[in-house]
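This report concerns aromatic rings and their surroundings in one protein structure. Please examine the sequence and the model shown below before reading on.

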Amino acid sequence: KQSIMKKIYFLLFTFLTTAFTFGQIMSENFDYGASAGDLTTVSSSVWSNHSGSGAVGYVTSNLTMSGYPSSGVGGSITLTGSAGEDVNRSFAPISSGKVYASALVNISSVSGGNYFMHFNSSSFRTRIGAKDDGNGDVLFGIGTSSSTLTYGTTAFQTGTTYLLVASYEISTGVSNLYVLTAPVASEPTGSEEATNTGSTGTTISAIAFRQSSSIPDINVDGVRVATSWNDIMNDSSEPSLAILTPSEGATFLPGTTSVNLSIDVQNFTVGPPMSGLMDISIGQLMVT
């Protein structure tokens, strides 16, 4: 029998770092006191008007969903097609990767259909909307950079609280929308309610709400923005680094000099801005 020799090598993986920070970007529970009113006023301009009039309303009741970290805290907001103010809350710009936004929503009535939530106060991205399915139930939809949305086919009920999670992948222009009845630990790729592709390369710097004709009458709470699914679903601030590929115990052929490395980093920054190359010693890998 031919003998097989196995050698253990220490391999160095090299990857580029570009000044990006991972983790949660924003958590908004609308906790602005015991008196209802105009959102921009009660929030002391944390939320700003960027268009129109007819206030986004702040109410002292909230929405809840078991297991969702931004559940049952403070108040919530109301959006209606009979008002016209659009508001946004800004955050540090994100210019690469994938950006997620989530919100608890409860629709009391729905009409012809329009978008009510999106990224940015200009150059809107990942527009989320809802319309009547023709039988009084709700269809949710998404449009990356167009007001013409791609709607899902699932009929959701009015008067029920759902968790909407949307994402925008900056390099590809793909926006996905999930409609959940309970939080899930991992992104349910392949189970999107709606998907739309549009403009690429847009920096994301705000989350916004829009009031206009044909939007649903809707209550919104528990808004979160993050650069990972995990940080939408969890409040952990512990730093972590996980190697996604190569897998543990991976075997490489003799002569291997480089291996593609995929990592998931949470709650810390990989290198200072413009730091260039960084070598990380992964440890022992089997080569046959």
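## Two buried aromatic pairs

In this predicted model, Y115 and F124 are both buried. The centres of their rings lie 6.4 Å apart and the ring planes meet at 70°; the pair of Y115 and F124 is therefore edge-to-face. An edge-to-face arrangement is also found for F156 and Y162, with 5.0 Å from centre to centre and 75° between the planes.

F156 has a relative accessibility of 8% and so counts as buried, because the cut-off for a buried residue is under 20%. Y162 is likewise buried, with a relative accessible area of 7%. Across the whole structure, a search finds 9 aromatic pairs.

One aromatic cluster is formed by F30, W47 and F209. Among the contacts of V87 beyond its neighbours within four places in sequence are W47 and F209. Other residues in contact with V87 include L39, V56 and I207.

V87 belongs to strand β7, which covers residues 86-94. With a relative accessible area of 0%, V87 is buried. Although V87 and W47 are 40 residues apart along the chain, their C-alpha atoms are separated by 6.2 Å.

Terms used:
Residues are numbered from 1 along each chain as its sequence is written. This is a predicted model: local features need pLDDT of at least 70, side-chain atom pairs count only at pLDDT 80 or more; totals for chains, interfaces and linings use all residues. Side-chain values use heavy atoms; hydrogens and water are left out. Rings of Phe, Tyr and Trp (its six-membered ring) pair if their centres lie within 6.5 Å; planes under 30 degrees apart count as stacked, over 60 as edge-to-face and the rest as tilted. Buried means under 20% relative accessible area, exposed over 50%, partly exposed in between (1.4 Å probe, protein chains only). Helices (H or I, at least four residues) and strands (E, at least two) are DSSP runs, numbered from the N terminus. Contact means heavy atoms within 4.5 Å.
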